[in-house]
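Hi,

Here is the structure I said I would pass on to you. Have a look at it, and then read my notes below.

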Amino acid sequence: RLKLSNPNLNIALANSTKNQNSDKKNELPFRNLEIKNGNISIFKSNKSKYFAVKNLNVNIKNVELLDENSNQLLPIGFDEQEINGEDFYFRSSNIQIVKADKIHTENKVVSIDNFEIIPLLNAKQFAKNYPNKPNYFQGKIAKIDLKDFALKVDKISISTLEMVQPDIKMYIFEPLQKKKDKPFNNNIILENLKITNANFKVLKGQNKIFSSENMQIAVSELV
C-alpha cells in the first residue's frame, strides 16, 4: 500500500510500440493507493499531456497503470475507490479534450460536476483530417452521478448512471473507407439509466437529422 501526502507527480506512460515483442507491462510496486491533497499529471511518451487532476484525495484498491496504446477509456484501472478532485483533464487524441470541474465521492456515488467534451477541430477540419472516422462529439453535462462505479482493466461497471442537463451535439460522417475504429477495450456494464432535461442534436453533413429539448429518459434493468 502506498500513501502520499501533498504530492506533485508527473508520470510518463511507456510507449508499447517500442517493445512490441516484450510481454512486460506497466507494473506498479503497490496495489492500493491513498493520496491526500495531490496534484498529478500523466504524459504520453511524446511528452504531450494525457491526464491531469488537482487537489486530489483518493483511496483506491487494486490499481493498475496502463500503457498509452492499451486503448482503454482511462490510463488506470481499479476496483474500489473514493475519489475527490478538481480540474480533471483527459486528452487521448488530437480530436478532443475531456474536462470536469470537480469529482467527488459520497455513499458509493461518484459525482462529476460540469463535464465537458471540448473539440480541438471543427466539423469541417475533422472530416478533412479524419475521413475514415464516422462520428464527432461535443457538449456539456451539468452533473453526472455514478453509483457503485468500478473501473477495471477489462470492464467498467455502474449500477445507476444519472445525467442532469446534458447538451450534446453529434456529427455523423460517411467514412471514405468502411473501416471500423478500434473500440475501447473496456466492456461497459450498466444496470439503470436516468437522464434529466437533455438537449440532443444529431447532424449528418449540414443536415439536422435529430433534435430534442428537455428530454427525460428513465430505463431500468438494462442488464
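To start with, is Ser111 buried or exposed? Ser111 counts as buried because its relative accessibility is 8%, where buried means under 20% relative accessible area, exposed over 50% and partly exposed in between (1.4 Å probe, protein chains only).

Before I go on, some ground rules: this is a predicted model, so local features need pLDDT of at least 70 and side-chain atom pairs count only at pLDDT 80 or more, while totals for chains, interfaces and linings use all residues. Residues are numbered from 1 along each chain as its sequence is written, and side-chain values use heavy atoms, with hydrogens and water left out.

Back to Ser111, which you'll find in strand β9 (residues 109–119). Strands here are DSSP runs of E with at least two residues, numbered from the N terminus. The Ser111 side chain makes a polar contact with the side chain of Asp145, at 2.6 Å. (A polar contact is a pair of N or O atoms within 3.5 Å; within protein, one must be able to donate a hydrogen and the other to accept it, and residues adjacent in sequence count only if both atoms are side-chain atoms.) If you skip neighbours within four places in sequence, Ser111 is in contact (heavy atoms within 4.5 Å) with residues including Lys102, His104 and Lys143.

Next, the strands. β4 and β7 pair in the antiparallel sense over 7 bridges; to pair, two strands need at least two bridges found by DSSP. Val58 has Ile83 in β7 as its bridge partner. β7 also pairs with strand β8 (residues 96–106), again antiparallel, over 5 bridges, and a hairpin of 5 residues joins β7 to β8. Tyr89 has Lys99 in β8 as its bridge partner.

Now for the rings. Rings of Phe, Tyr and Trp (its six-membered ring) pair if their centres lie within 6.5 Å; planes under 30 degrees apart are stacked, over 60 edge-to-face, and the rest tilted. That rule gives 7 aromatic pairs. In one of them, the centres of Phe51 and Phe88 are 6.2 Å apart and the planes sit at 70°, so the pair is edge-to-face. Phe51 is in β4 (residues 49–60) and Phe88 in β7 (residues 81–90), 37 residues apart, so the pair links distant parts of the chain. Phe51 is buried at 14% relative accessibility, and Phe88 is buried with a relative accessible area of 11%. Elsewhere, ring pairs link Phe126, Tyr130, Tyr136, Tyr171 and Phe173 into a cluster.

Cheers

Terms used. Helix = DSSP H or I, 4+ residues; strand = E, 2+ residues; numbered from the N terminus.
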